[in-house]
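Please look at the model below and follow the charged side chains along the chain. The paragraphs after it lead through their pairings and then turn to a set of annotated residues.

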Amino acid sequence: MINIVLFGKPGAGKGTQAEFLKEKYNLTHLSTGDIFRFNIKNDTDLGKLAKTYMDKGDLVPDEVTIQMLQSEVDKNPHSAGFLFDGFPRTLAQAEALDKFLESKDQNITATVALEADDNILVARLLERGKTSGRPDDQDEEKIRNRYDEYNQKTAPLMDYYKAQGKFHSVNGIGTILEVNERLNQIFDKL
Ligand code: AMP
């Protein structure tokens with residue numbers, strides 16, 4: 001069983017690459033952003049709460065996010081492994097994930113960060129915002145706030161996983177296939 005965390009700033013291509021990786025390695029793909037958006041679309045209580053944070057580009061509180069993630073994992077008891085996309089994003093989330101997996105006699109196999117320059121990513125996101133319908137992709141101020149959240153709260157997680165010897169980094173600039181090939185090289189050795 002392999003459990004992977006896919007890191008990367010907004011727009012780095014996590015979702016696109018996750019689609020390839022989940023097929024190739026038979027993983028259950030859990031994107032917390034997608035799950036929140038599904039709840040917003042269906043107007044659930046969770047969706048209403050998450051929207052107030054997401055619309056500003058702020059992170060949704062840890063307690064809510066961790067609980068949601070755990071219940072999604074529990075919905076897939078026969079999974080051959082998970083691809084966590086957009087989770088964890090804070091130290092509290094990373095620690096909760098480790099504890100939760102440990103309680104199931106599992107652990108994180110590896111984490112991979114898709115690296116790219118902020119200015120390239122902002123341009124990519126504004127372009128995506130024209131068609132994605134995502135309010136958080138349409139306003140440069142909100143986008144910059146998401147990068148601030150990333151730099152303050154998520155970037156420190158790299159050290160957390162480095163200390164565990166589980167951190168890998170990949171250049172996220174290139175064609176989808178080029179980036180995919182770089183990721184495969186790491187995955188094939190796990
Ligand atoms: P994403 O689709 O991963 O870019 O996530 C979109 C938004 O969902 C983020 O800007 C946050 O508001 C929220 N979100 C997604 N994942 C998390 C998480 N692990 N912790 C807190 N907020 C999250």
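Is K51 buried, partly exposed or exposed? K51 is partly exposed, with a relative accessible area of 34%; here buried means under 20% relative accessible area, exposed over 50%, and partly exposed in between (1.4 Å probe, protein chains only). The model is predicted: local features need pLDDT of at least 70, side-chain atom pairs count only at pLDDT 80 or more, and totals for chains, interfaces and linings use all residues. Residues are numbered from 1 along each chain as its sequence is written, and side-chain values use heavy atoms, with hydrogens and water left out.

Side chains of opposite charge can pair when their charged atoms come close. K51 takes part in such a pair, a salt bridge with D55 whose closest N and O atoms are 2.6 Å apart. The term salt bridge denotes a side-chain nitrogen of Lys or Arg within 4 Å of a carboxyl oxygen of Asp or Glu. D55 is also partly exposed, at 24% relative accessible area. The structure holds 16 salt bridges.

Another of these pairs joins K22 and E19, with 3.3 Å between the closest N and O atoms. The two residues are three residues apart in helix 1 (residues 14-25), and therefore about one helical turn separates them. Helices (H or I, at least four residues) and strands (E, at least two) are DSSP runs, numbered from the N terminus. K22 has a relative accessible area of 24%, and E19 has one of 39%.

A further salt bridge connects the side chains of K104 and D74 (2.7 Å, N to O). This pair links distant parts of the chain, 30 residues apart: K104 is in the loop between helix 5 (91-102) and strand 4 (110-115), and D74 is in helix 4 (residues 62-74). Salt bridges that share partners also join R128, R134, D136, D137 and R146 into one network.

G11 is in the loop between strand 1 (4-8) and helix 1 and is buried, at 13% relative accessible area. Not counting residues up to four places away in sequence, G11 touches L121, R124, L125 and R128, where contact means heavy atoms within 4.5 Å. G15, by comparison, is found in helix 1 and is partly exposed at 35%.
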